[in-house]
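Subject: Structure for you, with notes

Hello,

Here is the structure I said I would send. My notes follow it.

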Amino acid sequence: MDHTLALPDDLLASILRRLLPRGLAASRCVCKAWLAVVDTHGLLLLPHVLPHSVRGLYLNYVDHRRPHFFARPSAQPAINYSLAFLRHYRIGYDTVLDHCNGLLLCDGFCWRKLCVVNPATRRWEELPWEDDNANPHIVFDPAASRHYQVFSIPRAPKKVVVQDDYSTASSRGEQEDTHDLMEWLPSLWTLNVFSSRTRQWQMTSFVREGEAVGTMADARLDPLEPITSCWGKYGGPRRRYGVYLQGSLYVHCHGAFVVRLSLSDCKYQVIKALMDIENPKHA
């Protein structure tokens with residue numbers, strides 16, 4: 001007989017609160033009663049559950065098929081951070097695309113798939129990915145919710161080339177120029193956002209505060225390709241990273257600027273980068 005069932009929920013919550021974060025998370029699997037107590041009292045959402053130091057770093061290698069985890073020796077309980085538990089690890093290329101508070105966002109083994117991984121619990125799940133001209137960024141705040149979100153941040157649209165046999169060359173050029181002169185980013189920016197709560201992608205609109213960074217033509221001056229070439233040709237970064245901080249997602253976007261997305265009120269700001277996008281080698 002489980003004598004803990006006779007305890008008041010508040011008393012059982014006080015007992016479970018003394019567990020270390022890993023043990024507290026495991027206690028949810030003991031029985032439905034413990035699961036309800038942990039979730040109802042928000043024990044896993046308490047600030048003391050969050051790590052207060054960096055345990056290590058995942059590094060992607062250009063010439064190696066898998067990321068590696070590097071960490072300093074520690075007296076804390078050892079955790080195996082290898083991703084070998086993924087079913088496709090030995091045959092796929094699991095590049096770490098992004099991370100947030102212990103969750104990794106990786107390339108999925110199948111085409112048009114992403115993979116969200118928790119190395120500490122060795123659990124993972126796949127989600128669909130349909131946006132070709134965009135970069136994915138994950139947001140996970142365990143102090144607020146057990147659910148995560150993945151934001152699809154679009155790159156600057158490609159140049160419009162009008163192909164119309166019934167239009168004159170000048171009219172086609174005017175249409176193309178009009179598109180190039182459109183402001184970027186738009187005043188109302190609609191993003192595709194995946195929620196682990198609903199298991200669906202949903203369009204979410206953000207209202208811009210302040211001025212646009214420039215035009216679409218300006219944004220395209222920021223190269224998409226990595227830095228290469230022995231001829232002195234410089235390109236863009238290999239990846240454009242983001243970071244979640246205090247309720248906002250900061251993303252380095254195509255166009256040499258940073259966007260601050262406020263998730264609480266669905267507003268965003270553009271922060272111009274201190275660089276010359278026409279001569280990025282001097283940045």
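Helices here are DSSP runs of H or I of at least four residues, strands are E runs of at least two, and both are numbered from the N terminus. This is a predicted model: local features need pLDDT of at least 70, side-chain atom pairs count only at pLDDT 80 or more, and totals for chains, interfaces and linings use all residues. Residues are numbered from 1 along each chain as its sequence is written, and side-chain values use heavy atoms, without hydrogens and water.

Buried (under 20% relative accessible area, 1.4 Å probe, protein chains only) applies in α1 to Leu-12, Ala-13 and Leu-16. They lie on the same side of α1, because their arc around the axis is only 105 degrees (taken from the directions from the helix axis to the C-beta atoms).

Asp-9, Leu-12, Ala-13 and Leu-16 of α1 are in contact (heavy atoms within 4.5 Å) with Trp-34, Val-37 and Val-38 of α3.

**Ser-196**

Ser-196 sits in the loop between β10 (188–195) and β11 (200–209). Ser-196 counts as buried because its relative accessibility is 11%. The side chains of Ser-196 and His-147 make a polar contact of 3.3 Å (a pair of N or O atoms within 3.5 Å; within protein, one must be able to donate a hydrogen and the other to accept it, and residues adjacent in sequence count only if both atoms are side-chain atoms). A polar atom of the Ser-196 side chain is also 2.8 Å from the backbone nitrogen of Tyr-148.

Regards

Notes:
Buried means under 20% relative accessible area, exposed over 50%, partly exposed in between (1.4 Å probe, protein chains only).
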